[in-house]
Amino acid sequence: MQKTKGITQTVSVNTLNNLKQGQKARVLQINGGDLATKQRLLDMGITRGIIITINKVAPLGDPICLELRGYRLLVRKDDVKNVEIEVIA
Amino acid sequence: MRIALIGNQNSGKTSLFNLLTGTNQKVGNWPGVTIERKSGILRTTTFEIIDLPGIYSLSPFSPEEEIVRRFLIEEKIDLIVNIVDSTAIERSLYLTTQLYDFNIPMVIALNMADLAFEQGIRINHDLLSKLLGVPIIPISALKRTGIKELIQLIKKGEFNTANYPVIYQGELLNIIKKVEDNILMRERRFLAIKLLENDISLPIRIELDASKERDLLMQNYESDIPQVVADQRYEFIEKVRDKTVSSRENPRTLTDKIDRIILNKYLAIPIFILIMFTVYFLSAGPVGQALAGLIEDLFAWISVHFATFLENVGASPWAVSLMIDGIVTGVGAVLSFVPQLIILFLLIAFLEASGYMSRIAFFFDRVFRKVGLSGKALIPFIIGSGCSVPAIMATRTINDENERRLTILLTPFIPCSAKLPIITLFAGYFFKDNYGLVSASLYFLAVFVILMTALVMKKLLYKGGYSPFIQELPTYKAPNLNYVFKTTWEKTSAFITRAGSIIFLASIFIWILLSFNWTFTYGVPIEESILSDIGRLFSWVFYPFLGVNSWAAAVSIIQGLIAKEQVITSLSIIAGLSGEAGNATTIFTSPIFSFFTPASAYAFMAFNLFSAPCFGAIGAMHKEFGSSRKMLKAVLIQTAVAFLIATIIYQGATLIGGLL
């Protein structure tokens, strides 16, 4: 995990809402945000280290359909903007 | 023995419950909320089995989760039957890991074993059972396999929690143990974790300060506790999965193939419109109309022959009038819509059971979000085209309070099946050539009014924060035909029962009020009847969109409160008593209703569509709002909106008509 303490230059953090259809990413952590939303994301399986694919995007661009743990989860982009990820494919 | 049935949404829990209990069921409500509470007796035993709401976790994020955890803490449960979806085993087991914390004996029913097999998922049941420390029975609720084995296992009744695995590890486990040592209840582990997570909505008070331990853990893990707990639960599940489950890398399921078309960027919305048009075409449209016509003919035939029969046996004129003009006309007007309703209920049940409803929420969320609703609101709206009562109850799936209240307020705006007769009658007569277009236009008007009202109300009344939209996309299922037919029958028979009771009594009541004057003389002209005077008292209210003071229209509208189809009943009885009973032509050529113009007909339809719904729906609103004041406010808003729309339509159309 990249901790950038003491470095003034901001490291651009990628989050789940920026992924495109078909992209794959590993979840690093969920930063802040609304507690209930975070708890719900954790409950639905978005924990550290899990690999998520963007399965579909709604015809109007939002919400998105995630694929993880062998099932599909619908989320709004806003709901996952605090989920920090690294793109792997 | 008391058994709790617990599992995720869409896990086949209700099907399993039906299989376990047969017809031996009791349906009620959970205290304080309108979520259905079902309990029954396990087949061939005396054990009580309770069907708990479908949930993913015990956080609690929703009222359903709140109910389940309160239930597990407060009630003495001897056994949990945990239904696990084999096709989404990791997410299903997450709930299982939380159930361990309650220290209640458990059995796992591994559902959709057949479907998982088809998808190439192989599960080593024996090893899974050993690692999870609970007996496992693979079942298929759809194909009804494994049910006998499950019942037999429960009957043997040798359960304990001794073999439960240890889910948590390291410092977290140490601290949990330290905290739970101070709690003397069976579910001490669950309570200890919730204390550490700082969950403030626990159903019981525990006088224990765990803040020191919490801080210690947060330092140790450099993270908040819910994150650590969830990570460790899923780590445990992943370890179990690696040892017991093998699956193909990328299974191409049938759901994927269907969704590639149904959720396609360009096709999704046209397909939705096509489906809704089909529903409309079959129920409200030409097909349903033709069927309704047949029933109408039947009642006309009954009416004629019954009257002859009564006269032949020497019944007095008033008795003949009561039977024919009152009861047969009134009840018949309502029953002629039964075929349309059966079709509508069938199609909605079909859509509900198939998994398509979640897709609609998915691709329309963006639109509804703009006006303060979420895609989830569409589900009550679609159910609402059948009946507002279950639709208002379906708003329970919306977690955010403000969003839910707004949805409850708006749901009755959807033309429900009881409003259909009004549309059919008026549009069929006044817009004969454009019937389809005009009746469809009312649905579009409803959508427009819903969006506009939502936008205004969001700013004025239901201001609220943001609520997330996080939900499972279920796989498509071949709808369980048993379920489809059962719900269709339940709804239809409820409608018929109403026609036989409320409408029957109301028909007699109106006939009396129409046939007598204040000195109780029978056979007075209809303009001198009691009802006409009552109507005159209110008729000015409706002047702005009818263009006349009509007591007959006024009393008919007011009767819509009993049931919307009663509007039609009232129109037919009044027209029947003033001339000849029967179809639209006789109603609108009778002197009493001949004032209707296309403009006022359209306005009349719109008013009945949007004004205060029937008492049934108002009752449901009261229950869901949980307050008479909020309910009353909503009813007044609805009626005000209806009045405004109807007046704009009538005055606008009259103005344009005058200019032309």
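Two residues count as in contact here if their C-beta atoms, placed from the backbone, lie within 7 Å. Keep that cut-off in mind as you explore this predicted model.

**Stop 1: a helix in chain B.** Select residues 435–460 of chain B, which form helix H21. At 1.5 Å a residue, its 26 residues should span 38 Å, and the end C-alpha atoms are 37 Å apart, which agrees. Now colour the buried residues of H21(B), among them B:Leu442, B:Ala446, B:Val449, B:Ile450 and B:Thr453. Which helices do the buried residues of H21(B) pack against? Show helix H19 (401–410), helix H20 (420–430), helix H28 (598–610) and helix H30 (628–659) of chain B to see these partners.

**Stop 2: strands in chain A.** Next, select strand S1 (residues 24–30) of chain A together with strand S2 (residues 51–57) of chain A; they run antiparallel and are joined by three bridges. Find A:Lys24 and its bridge partner in S2(A), A:Thr53.

**Stop 3: where the chains touch.** Show both chains: the contact takes 29 residues from chain A and 28 residues from chain B. On the chain A side, helix H1 (35–43) and strand S4 (71–75) each supply at least two residues. H1(A) gives the most, with seven residues. The chain A side divides into 14 nonpolar, six polar and nine charged residues.

**Last stop: a pairing across chains.** Select S4(A) and strand S10 (residues 470–472) of chain B, which pair in the antiparallel sense over three bridges. Zoom in on A:Val75, whose bridge partner in S10(B) is B:Ile470.

How values were computed: Residues are numbered from 1 along each chain as its sequence is written. Chains are lettered from A and ligands numbered from 1 in the order in which they are written. This is a predicted model: local features need pLDDT of at least 70, side-chain atom pairs count only at pLDDT 80 or more; totals for chains, interfaces and linings use all residues. Helices (H or I, at least four residues) and strands (E, at least two) are DSSP runs, numbered from the N terminus. The expected span of a helix is 1.5 Å times one less than its number of residues. A residue is buried if 20 or more other C-beta atoms lie within 10 Å of its own, exposed if 12 or fewer, and partly exposed in between; C-beta atoms are placed from the backbone. Two strands pair if DSSP finds at least two bridges between them. Ala, Val, Leu, Ile, Met, Phe, Trp, Tyr, Cys and Pro count as nonpolar, Asp, Glu, Lys and Arg as charged, and the others, Gly among them, as polar.
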